[in-house]
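Here is a short report on helix packing and aromatic pairs. Please have the sequence and model to hand.

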Amino acid sequence: MPHPSTANFEAVFLFDHERVARELLYTEFEAILDGFIPIPDFAGASVKAAYIQVGSGLAVTGLVFFLISFDEQGMVDRRWNVPLQQLLDSAGTGPDMGAGAVRLVCYSQCPVAWHQKNLWDPSMQVGNNSFIAIRDAVKANRLGFVVKAEKPAARSSRDAIVPNQVLSEEVLAREQAALEQRLHDYYTAELAKQIELLTNEQTLHIATLMNQKQAKLHGLQQEHQKRVLAYQEKLQQLAQENKELAERNQTLKETLDIQATKVEGMREYFAHKLKAAQQGESSQIQLLQENFSLELDAKIHAATAELREMLDMREVELFYRHQNESTLKEELVQLKHENQQLLKNSGDQLLGRLVKAGVNLVTFLPGLGEVAIPLDDIGVYLENPNAYAAAKVGVNEPVYLAWLAHHQLPCCNAVDARGKTCGRSIPVIETPLEFHPGESDRCAQHQAVALGMLADSRR
């Protein structure tokens, strides 16, 4: 059924691989947000979408490129809260889509910083242009917008042909000069407008490409950080295992030394008895030799069995210790989960009402700046703000804490053999992703020393 004609229309387009996959009236989109209508085609996915305002003549006048997530049932994530119309009220300009420069909000052109992570940049490549795809879809008018045909402008009395009107050459000259001036002013203004539109479009395209490169660089930095941490953890693990093996070998060596001392004492004792008995009969000597061998074997067997029993007890003790550690870790995780649920339930109603009213919980985290905290993350943030910030920036908590200490006091933390800290001033690393403990918090001299030690350990 066609919709009532109006000067402006609102719609939401959902994209799939840079093409318009579904078109919705804004009222239909509101019903989806209220949880009345699921979209099974997008279940469990994060979808690119565009909020569109259309003026007379089906010309696009405003665009907001935003992201929206759906759960496994195809319902919109209840934490989604992007004020599309308010963002468009303070939007910048974009390309001309038939009615002059559109008002545009996207990732590279966001008027409210904490909503930027919920936006995306349109594609402006040849043959894959998001603006052209939206323009063509609006012109196709599959949503059934009713547009009144514009009446031709009435002909002015100056343009009417007046019979028998005779104009002097002076009047004709003035008319021609005025007409040429109006044409010159019109084309000058149009040229300036087109130059401004092209400039804005190229600026947006450049900003989009820069953000794409920045996102790729960010991903490479995270991958590099993970690899460095994995190498450091592996090195620490090997060092710990080497230390444990050395301690265990030392213990076994001491035990064997003690047993060897006992055996040597017994050997000397029985040798003395054998020497004394050599004065007797040969049968007694043979008997003493046999007894000596039997007792010596028994003592050695007993000492070996005792040593094996000690090793078995040590392994059993380590096994039970690992079992107790696993049980305690599981209990700790359960207590943290229960604590988070209590924090969430205690303030869920008030916080939920604030979020629905458009109020965002924003805090300042070093290394991230202003960050909007979702309702479900309040408990996690209150429990450990540093761990929450580390997870957001893409590093583990020890690395984040080391970077925070470096950011507050940028100096070399290398310690010499006498236990004295270097303390030289070093350049500040602005982001945790670029910070590597043991390297970034060292001066140039101690960085070279650390790299040399790492190369030696790898060999």
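How are α7 and α8 oriented to each other: roughly parallel or roughly perpendicular? They are roughly perpendicular, a class that covers 65 to 115 degrees.

## Model and confidence

The model is predicted; local features need pLDDT of at least 70, side-chain atom pairs count only at pLDDT 80 or more, and totals for chains, interfaces and linings use all residues. Residues are numbered from 1 along each chain as its sequence is written, and side-chain values use heavy atoms, without hydrogens and water.

The protein chain averages a pLDDT (the predictor's confidence in each residue, from 0 to 100) of 80. At least 70 is reached by 81% of the residues. Over residues 1–7, pLDDT stays under 50. Residues 153–166 are also below 50.

## Helix packing

Helix α7 spans residues 385–393 and helix α8 residues 397–408. Their axes (lines fitted to C-alpha atoms over the stretch in contact) come within 9 Å and cross at roughly 100°.

From α7, the contact (heavy atoms within 4.5 Å) uses N386, A387, A389, A390 and V393. From α8, E397, Y400, L401 and L404 take part. By class, there are seven nonpolar, one polar and one charged residues.

## Aromatic pairs

Aromatic pairs (ring centres within 6.5 Å; planes under 30 degrees apart stacked, over 60 edge-to-face, the rest tilted) number 14. Y381 and Y388 are edge-to-face, with centres 5.7 Å apart and 80° between the planes. Y388 is buried at 6%.

Y400 and W403 have ring centres 5.8 Å apart and planes at 35°, so this pair is tilted. Both residues are buried. Y26, F29, Y51, F66 and W80 form one aromatic cluster.

Conventions
Axes fitted to C-alpha atoms, helices over the stretch in contact; angles between N-to-C directions. Helix = DSSP H or I, 4+ residues; strand = E, 2+ residues; numbered from the N terminus. Parallel < 35°, antiparallel > 145°, perpendicular 65-115°, else oblique. Nonpolar A, V, L, I, M, F, W, Y, C, P; charged D, E, K, R; others polar. Phe/Tyr/Trp six-rings, centres within 6.5 Å; stacked < 30°, edge-to-face > 60°. Buried < 20%, exposed > 50% of the residue type's maximum accessible area, 1.4 Å probe, protein only.
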